[in-house]
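Here's a quick walk through the fold, starting with the sheet and ending at a loop. Have a look at the model first.

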Amino acid sequence: QTPDEQIIDRSRDADVLVIKKIPLDESRLAQLPRLRLIAVSATGYDCVDAVAARGHDIAVVNVPAYSTESVAQHTMALLLQLCNRTAEHDAAIRAGQWWQCGHFSFWNGPLRELAGKRIGLVGYGRIGRRVARIAQALGMEVWVVTRNPVGASEVPVQETGLDELFPKVDVISLHCPATPETIGLVDRSRLAQVRPEAILINTARGQLVVERDLADALNEDRLAAAGLDVMVEEPIARESPLLTAKNCLLTPHLAWATLEARGRLMKITAENIQAFFAAQPIHVVN
């Protein structure tokens with residue numbers, strides 16, 4: 001939460017900085033001659049100019065894989081909520097709709113079964129592979145787009161390209177980093193390829209999706225639903241078109257934040273610092 005104008009004052013005497021989102025570029029690193037280690041308490045480290053840090057003989061370490069299980073679980077939580085509408089029906093019961101309908105069972109929107117459906121994973125790293133296992137357990141067929149060879153996979157997967165994936169699958173789930181090649185990946189042209197009954201899930205990075213184009217696709221019934229844990233601007237902008245889009249389920253970048261995952265994050269961050277000062281550094285990214 002450090003304001004930009006206080007970053008140098010708070011960092012000047014540090015040998016080690018533990019950060020998550022604080023931006024450290026060349027100009028700031030040049031003002032921190034004592035600094036030896038930047039411990040990023042996250043997997044992504046794009047807030048740090050790692051190359052510039054190396055030039056100043058500053059090591060940068062991150063925490064890989066601490067949230068794999070939690071993010072995969074949240075991915076499926078978004079998908080299951082969109083298919084089963086559990087929260088909506090709980091609210092409907094409390095609003096008296098079950099009593100009013102006069103029947104032993106009611107539902108206020110279409111319910112969808114995932115068994116036999118195709119899920120397309122864009123990115124097949126640790127989280128993508130864990131989602132694949134859960135999806136297979138639900139009876140889904142797994143399709144994958146990845147820049148690296150799939151290699152050994154715990155579940156059978158079909159490899160394909162992006163343009164082939166979007167019209168082919170019932171669920172698209174994003175699990176790739178935001179890079180110059182992937183920013184804006186899900187735009188109007190890609191959304192024009194999807195089936196109108198398809199669902200989009202994004203627990204990766206908000207920048208992968210052009211939010212105006214997604215909102216239009218949802219409002220025009222060209223896409224059935226979307227579940228998003230990440231936004232282009234965080235906290236979400238008050239004027240974001242996603243806030244009023246149809247069938248758009250939003251959560252506030254919390255997929256990583258289970259108690260268990262945060263415990264692992266702190267433990268590995270401490271281990272990173274200890275290993276560095278024991279001259280046996282681990283998880284160095286630069």
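Seven strands make up an open sheet here, in the order β6-β5-β4-β7-β8-β9-β10 and with parallel pairing. At the edges sit β6 (157-159) and β10 (248-250), each pairing on one side only. From one strand to the next, the twist averages 20 degrees. Strands pair if DSSP finds at least two bridges between them; strands (E, at least two residues) and helices (H or I, at least four) are DSSP runs, numbered from the N terminus.

This is a predicted model, where local features need pLDDT of at least 70, side-chain atom pairs count only at pLDDT 80 or more, and totals for chains, interfaces and linings use all residues. Residues are numbered from 1 along each chain as its sequence is written, and side-chain values use heavy atoms, with hydrogens and water left out.

Zooming in on the sheet, β7 (residues 171-174) runs parallel to β8 (residues 199-202), and four bridges join the pair. Ile172 has Leu200 in β8 as its bridge partner.

| Helix | Strands | Angle |
|---|---|---|
| α7 (residues 126-137) | lies across β4 (118-122) and β5 (141-145) | about 175 degrees to β4 |
| α10 (residues 211-219) | touches β8, β9 (225-228) and β10 | about 145 degrees with β9 |

Contact means heavy atoms within 4.5 Å. Axes are lines fitted to C-alpha atoms, for helices over the stretch in contact, and angles run from 0 to 180 degrees between N-to-C directions.

Finally, the loop between β5 and β6 holds Arg147. Is Arg147 buried or exposed? Arg147 is exposed, at 71% relative accessible area (buried is under 20%, exposed over 50%, partly exposed in between, with a 1.4 Å probe and protein chains only). Its C-alpha atom is 9.7 Å from that of Cys176, 29 residues apart along the chain.
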